[in-house]
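Please read it alongside the sequence and the structure shown below.

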Amino acid sequence: MARDKETGELGVAVESHFFQVGPVVQWAIAGVGAIATQSNVNISFGPLALDYLRAGYTAEQALRALLAADTQPEVRQVAIVDAHGNVAVHTGENCIPAAGHRAGDGFSVQANLMEKDTVWDAMYEAFTTTTEPMAERMMAALEAAEAEGGDIRGRQSAAMLVVTGKPTGRSWEDRTIDLRVEDAPDPLAELRRLLRIKRAYTTAGGWERLVGAGDEEAAEAALEHALSMAPEMVELAFWGGLGLAQAGKLDRGCDLMMRAVRKDRRWIEAVNRLVATGQVTAELASQIEARLTSSAARL
């Protein structure tokens with residue numbers, strides 16, 4: 001659980017041998033704070049802590065209020081970071097061992113039911129020595145925990161939530177990363193894969209903004225970068241290729257769109273469906289269809 005000092009982002013990442021762990025553990029609102037509620041979970045700690053932070057409580061004050069009203073604080077594990085980077089953490093004396101935490105500047109790592117009591121130190125070291133963006137640093141911390149032995153029961157699910165450091169008041173925009181692996185043999189590998197794809201889609205979004213600004217050269221560079229990050233995502237290739245075709249780069253656009261057609265020829269018909277909504281002209285759709293159909297025939 002962390003706040004990024006440079007960007008102001010807030011986030012929580014978790015792995016557990018527990019089905020659908022994300023909705024239970026992680027809570028965050030941009031400009032307010034982030035909470036991880038663990039061990040014998042009191043789920044209400046998440047929304048209650050956010051309410052306290054909204055009311056002006058510091059992370060420490062919010063934590064004291066939560067524990068004071070709880071009937072079993074000795075079995076709870078909870079960590080809070082507020083929008084100013086203040087951190088408060090509690091690991092109850094009756095949390096199932098190995099259980100513990102370690103707090104740093106604007107972040108905390110905590111774990112319970114671990115194979116070893118060295119897990120949270122390994123998480124701390126990974127988070128503080130990785131120089132990537134905060135989401136990737138949280139990912140590294142989870143991977144370090146697993147490498148150190150992880151959950152003594154094994155592994156099942158993982159999740160990551162990141163909210164922007166520049167809140168708009170529109171929660172659907174402020175939630176920049178919201179990834180969940182509900183049940184998988186290797187949830188961290190899947191979570192890292194999803195994070196990579198999310199980064200690619202975010203980069204592709206930058207391409208769309210550059211197109212709108214009229215910077216076609218930078219837009220095409222952003223598109224190529226997005227495709228290199230997630231080459232298996234034919235959706236990106238299709239829409240990016242369509243955008244290039246609409247910008248007059250028909251051959252290159254159709255080359256990209258063929259990545260989708262190779263997997264499913266119905267993408268060709270998808271182009272024609274866009275004519276009815278006015279997103280593509282009938283003339284351009286006809287040109288694209290002719291090129292894609294010709295290329296598909298040679299497969």
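The protein contains 12 helices and 10 strands; helices (H or I, at least four residues) and strands (E, at least two) are DSSP runs, numbered from the N terminus. The model is predicted, so to speak of local features pLDDT of at least 70 is needed, and side-chain atom pairs count only at pLDDT 80 or more, whereas totals for chains, interfaces and linings use all residues. Residues are numbered from 1 along each chain as its sequence is written, and side-chain values use heavy atoms, with hydrogens and water left out.

Along the principal axes, the C-alpha atoms fill a box of roughly 70 × 40 × 35 Å. Of the 299 residues, 49% count as buried (under 20% relative accessible area; exposed is over 50%, and partly exposed lies in between, with a 1.4 Å probe and protein chains only).

In helix α3 (residues 59-69), the buried residues are Ala59, Ala62, Leu63, Ala65, Leu66 and Leu67. They pack against α2 (45-54), β5 (76-82) and β6 (87-91), where contact means heavy atoms within 4.5 Å.

The whole structure holds 5 aromatic pairs. Rings of Phe, Tyr and Trp (its six-membered ring) pair if their centres lie within 6.5 Å; planes under 30 degrees apart count as stacked, over 60 as edge-to-face and the rest as tilted. Two of the pairs are tabulated here.

| Pair | Centre to centre | Angle between planes | Class |
|---|---|---|---|
| Tyr52 and Tyr57 | 5.0 Å | 20° | stacked |
| Phe107 and Phe127 | 4.6 Å | 35° | tilted |

Tyr52 is partly exposed at 22% relative accessibility, and Tyr57 is partly exposed at 35%. Phe107 and Phe127 are both buried. Phe107 belongs to strand β8 and Phe127 to helix α4, 20 residues apart, and their pair links distant parts of the chain. Phe107, Tyr124 and Phe127 form one aromatic cluster. Arg102 lies over the face of Tyr124, at 3.6 Å from the ring centre; a charge sits over a ring if NZ of Lys or CZ of Arg is within 6 Å of the ring centre and within 35 degrees of the ring normal.

A pocket is an open set of points on a 1 Å grid over the protein atoms alone, where a 1.4 Å probe fits, with protein on both sides within 12 Å along at least five of seven lines; lining residues have an atom within 4 Å of a point. Of its 41 lining residues, Val14, Glu15, Ser16, Gln38 and Asn112 are the closest to the centre. Elements giving two or more residues to the lining include β2 (10-16), β8 (107-111) and α4 (119-129).
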